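Trainee: I would like to learn how to read a structure. Could we start with the charged side chains?

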Amino acid sequence: MATAAEWISGARPRTLPAAAAPVMVGTGAAAQVDSSAWLPALLALGVALALQVGVNFANDYSDGVRGTDLDRVGPMRLTASGAAPPAAVKRAAFTAFGVAAVLGLVLCAVSGHWWLLAVGAVSVAAAWYYTGGKTPYGYRGLGEIAVFVFFGLVAVLGTTYTQADRITWPSVLGAVGVGLIACALLMVNNLRDIPTDVLAGKRTLAVRLGDYRARRAYIAMIWAPVMLGALCVFWAPWSLIVLLLLGPAALLSIPILAGARGKLLIPVLAGTGLYELGYGLLLWFGLSL
């Protein structure tokens, strides 16, 4: 049986900034119109984190039983390595989805927006069918679209709406920015895995674009959000603080443009997660003042 440390590793904690950042931005946008509320914000954070963990375990299970993780460069996978039975990993995924559902139910009760239950149900379905089911959409190059929608638009705008009862322009700009960085996180992960994904028949967007264009897409995905965040200056002058990320964006771009491959992309993956967290923190701060 897998150890506690292996289960924690299987939850892929380095991806959790992708869940926290949109809640920060959405809460900052609510604060910009004097409507931030900590209880809905914390509930939204819990939903986002639980969904992210659920996605990670679901991917571990689905890729493992399909055999697409047998030759892997990145972190160990529980199912493919044999450290945990597939059924146990699947249970972990649905336990996390269950936690997200319960917290989402409480969030709907607190905010009074019960129609968001339908959004939550679609989010869970999207999380599972990314690599699960007979025809996973993640294997057809649609993963970035789902990530942009659910970990960008839905997460940010939903967070703002449950606190402010409306959508604002800063929340829209922030949602697009966060969504693009979340796509960059997935893109660099799939860029690293192009050789093994091609052999496994996994047609991610990185595989479809090819190495050269996938690298350029990643660059665009991390630079554009800084400009979008800076545009929030028309509503919140301190939003220009996101320009502090120009340096980190340049540092992340160097190994990508230099052609780093395989294990050399692992630090870029970790750095992109921290970059997204920094974006969330800085834009939250800038919008809140």
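Trainee: How many salt bridges does the structure hold?

Mentor: It holds five salt bridges. The term means a side-chain nitrogen of Lys or Arg within 4 Å of a carboxyl oxygen of Asp or Glu. Before the cases, some ground rules. This is a predicted model: local features need pLDDT of at least 70, side-chain atom pairs count only at pLDDT 80 or more, and totals for chains, interfaces and linings use all residues. Residues are numbered from 1 along each chain as its sequence is written, and side-chain values use heavy atoms, with hydrogens and water left out.

Trainee: Which residue forms a salt bridge with Lys202?

Mentor: Asp63 does, and the closest N and O atoms are 3.3 Å apart. The pair links distant parts of the chain, 139 residues apart. Lys202 is in the loop between helix 9 (194-200) and helix 10 (205-209), while Asp63 is in helix 3. Helices here are DSSP runs (H or I, at least four residues), numbered from the N terminus.

Trainee: Is Lys202 buried or exposed?

Mentor: Learn the cut-offs, then look. Buried means under 20% relative accessible area, exposed means over 50%, and partly exposed lies in between (1.4 Å probe, protein chains only). Lys202 is buried, because its relative accessible area is 8%. Asp63 has a relative accessible area of 2%, so Asp63 is buried too.

Trainee: Which residue meets Asp193 in a salt bridge?

Mentor: Arg192 does, with 3.0 Å from N to O. Asp193 and Arg192 are both buried.

Trainee: What about Arg261 and its salt bridge?

Mentor: Arg261 pairs with Asp211, and the closest N and O atoms are 3.1 Å apart. Again the pair links distant parts of the chain, this time 50 residues apart. Arg261 sits in the loop between helix 12 (246-257) and helix 13, and Asp211 sits in helix 11 (residues 211-231). Arg261 has 53% relative accessibility, so Arg261 counts as exposed. Asp211 is partly exposed, because its relative accessible area is 24%.

Trainee: Which residues do salt bridges that share partners join into one network?

Mentor: Asp63, Arg77 and Lys202.

Trainee: Now pockets. Which residues line the second largest pocket?

Mentor: First, the idea. On a 1 Å grid over the protein atoms alone, a pocket is an open set of points with protein on both sides within 12 Å along at least five of seven lines, unlike a cavity, where a 1.4 Å probe fits but cannot get out; lining residues have an atom within 4 Å of a point. Here the lining is Ala20, Val23, Met24, Thr27, Trp38, Ala41, Leu42, Leu45, Leu281 and Trp284. Helix 2 (17-32), helix 3 (38-66) and helix 13 (266-288) each give two or more residues to that lining.

Trainee: How many residues of each class are in the lining?

Mentor: Nine are nonpolar, one is polar and none is charged. In this scheme, Ala, Val, Leu, Ile, Met, Phe, Trp, Tyr, Cys and Pro are nonpolar, Asp, Glu, Lys and Arg are charged, and the others, Gly among them, are polar.

Trainee: Where is the nonpolar patch, and which residues form it?

Mentor: A patch is made of residues with over 30% relative accessible area and no salt bridge; like charges are joined within 9 Å, nonpolar side chains (Val, Leu, Ile, Met, Phe, Trp, Tyr) within 5 Å. This one is on the surface, and Leu39, Val102, Val106 and Val110 form it. Together they have about 320 Å² of accessible area, from the Shrake-Rupley method with a 1.4 Å probe and only the protein chains shown as cover. Helix 5 (residues 86-111) gives the largest share, three residues. Val110 is found in helix 5. Val110 is partly exposed, because its relative accessible area is 38%.

Trainee: What about Ala88?

Mentor: Ala88 is also placed in helix 5. Ala88 has 10% relative accessibility, so Ala88 counts as buried. From Ala88 to Leu78 is 10 residues in sequence and 9.6 Å in space, C-alpha to C-alpha.

Trainee: Last topic, backbone angles. What is phi of Arg12?

Mentor: Phi of Arg12 is near 55 degrees, a positive value in a residue other than glycine. Arg12 lies in the loop between helix 1 (4-10) and helix 2. Arg12 is buried, because its relative accessible area is 14%. Asp165 also has a positive phi, near 65 degrees. Its place is the loop between helix 7 (143-164) and helix 8 (169-192). Asp165 has 48% relative accessibility, so Asp165 counts as partly exposed.
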